[in-house]
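Subject: Structure handover, ligand site and cavities

Hello,

Please find the structure below. My notes on what was found in it follow.

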Amino acid sequence: MSLLFTPLKIRNVELANRIVVSPMCTYSARDGLAQDWHKVHLGSLAMSGAGMLFIEATAVEPAGRITPGCLGLWDERCEAAFAELLGVVRPLSGAHICLQIGHAGRKASSALPWERGQLLAPEAGGWTTVAPSAIPQCDGERAPRALTVAELAALRERFVAAAQRAARLGFDAIELHAAHGYLLHQFLSPLANQRTDQYGGSLENRMRFPLEVLAAMRAAWPAERPMGMRISASDWRPDLPSGESWDLPESIEFTKRAAELGLDWIDVSSGGVSQFQKIDLKPGYQVHFAAAIKAEVSIPVMAVGLITEPRQAEAIVANGQADLIALARAMLFNPHWPWQAAAELGASVSVPPQYWRSAPHNLPNPFGPIVQGGR
Ligand SMILES: Cc1cc2nc3c(=O)[nH]c(=O)nc-3n(C[C@H](O)[C@H](O)[C@H](O)COP(=O)(O)O)c2cc1C
């Protein structure tokens, strides 16, 4: 029996299987608003058979967008665009839809990746970025402006407002983005946070703002619906003495503290804060981080990163290294990846009846007991 295809209940959300479509920016919004693109793209992924579908990193304020093409949820117009999007995508399948909420901090104001992704000057459509400290992401770049304590309180309320809008929109779940070198990760990592107030210095102080945001969002988000968080478990700077970059032991401590505040899953990624990171890229390269965190906490753990093969995903769950498997690029390449995985693993997956005839003739039928007539 496949464990990848067993259900998992988190608060009142019952996922049909452990496969998650990882959040993926598509840089196709206008002024933060979802477009027809998002309906088609996410509509296709909603029919993938994955138990949970993420919507890409969505900013809590315009300055928090990574690029001018990123989604936002900061006002009524954004909310209305999401309502229209969900109106199309929701009826297509039983996938639970999770919105990833974040702020890019000093990595905001970037060009689209296919326009080289560099920091945009204001005259090229960029804007002033904000961060814990006035340290640029890359040497020689324009520095961000360090946020004041009063601004942090206001920003926390923007995260709360986005969670409230997401609740009104009927999202099944939300995920706080505290990974990949974006604002909350910038607070956690001593490489980006050199504040001397209560939000910088010790681990306790660096965790303070992310935990404040998490607690405030959790309080604003309906108690019966789950909320997760994505972290970078390491800055991948083994060249630095311990304590000078963010790493696994701090990630474990941070996750424990977040779980005490009502976090429902931890999504374990890595990197993004340092221009000098050295990532050891190979299949499942972040799974050992997920497994190490799972050994220390009781909330579900999501693994991600170069998980591309059904048997590889199955083994991660079967070995107890993680509870959920997120796939990004493999799912973009083949939005029916879970159908193929179900066929390969002898499991069944929910697929719209319009596609039932596609079942491969040389593998067990992954679409369950089928009632099919036709003349
Ligand atoms: C096009 C693209 C966009 C991405 N956007 C996001 C995002 O919005 N939020 C996020 O947390 N990670 C994002 N990621 C990272 C993926 O979710 C995932 O963690 C990473 O690609 C590794 O998984 P993979 O090997 O299955 O692709 C993105 C990745 C890609 C390829």
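Helices (H or I, at least four residues) and strands (E, at least two) are DSSP runs, numbered from the N terminus. This is a predicted model, in which local features need pLDDT of at least 70 and side-chain atom pairs count only at pLDDT 80 or more, while totals for chains, interfaces and linings use all residues. Residues are numbered from 1 along each chain as its sequence is written, and side-chain values use heavy atoms, with hydrogens and water left out.

Cavities and pockets

The search ran on a 1 Å grid over the protein atoms alone: a cavity is a set of points where a 1.4 Å probe fits but cannot get out, a pocket is an open set with protein on both sides within 12 Å along at least five of seven lines, and lining residues have an atom within 4 Å of a point. Grid points are joined across faces, edges and corners, and a volume is the space filled by probe spheres set on the points.

Two cavities of 30 Å³ or more are present.

The largest cavity holds about 100 Å³. S4 (residues 52-59) supplies the largest share of that lining too, with three residues. Including Ala57, Arg65, Cys70, His103, His177 and Tyr182, the lining of the largest cavity divides into six nonpolar, five polar and one charged.

The largest pocket has a volume of about 1,100 Å³. Its lining has 44 residues, and Cys25, Tyr27, Lys107, His180 and Tyr182 lie nearest the centre. Helix H9 (residues 329-333) gives the most to this lining, three residues. The classes there are 20 nonpolar, 18 polar and six charged.

The ligand

Where does the ligand sit? It is in the largest pocket, where sitting in a pocket requires more than half of the molecule's atoms to lie within 2 Å of its grid points. Around the ligand are 15 residues, of which Ser22, Pro23, Gln100, Leu306 and Arg329 come nearest; a residue counts as near if one of its heavy atoms lies within 4 Å. This shell has eight nonpolar residues, five polar and two charged.

An oxygen atom of the ligand is 2.6 Å from one in Leu306, an oxygen atom is 3.1 Å from one in Ala57, and a nitrogen atom is 2.8 Å from one in Cys25. The protein covers 83% of the 610 Å² of accessible area that the ligand has on its own (Shrake-Rupley method, 1.4 Å probe).

Regards

Technical notes. Polar contact = N/O pair within 3.5 Å; in protein donor to acceptor, adjacent residues only side chain to side chain. Nonpolar A, V, L, I, M, F, W, Y, C, P; charged D, E, K, R; others polar.
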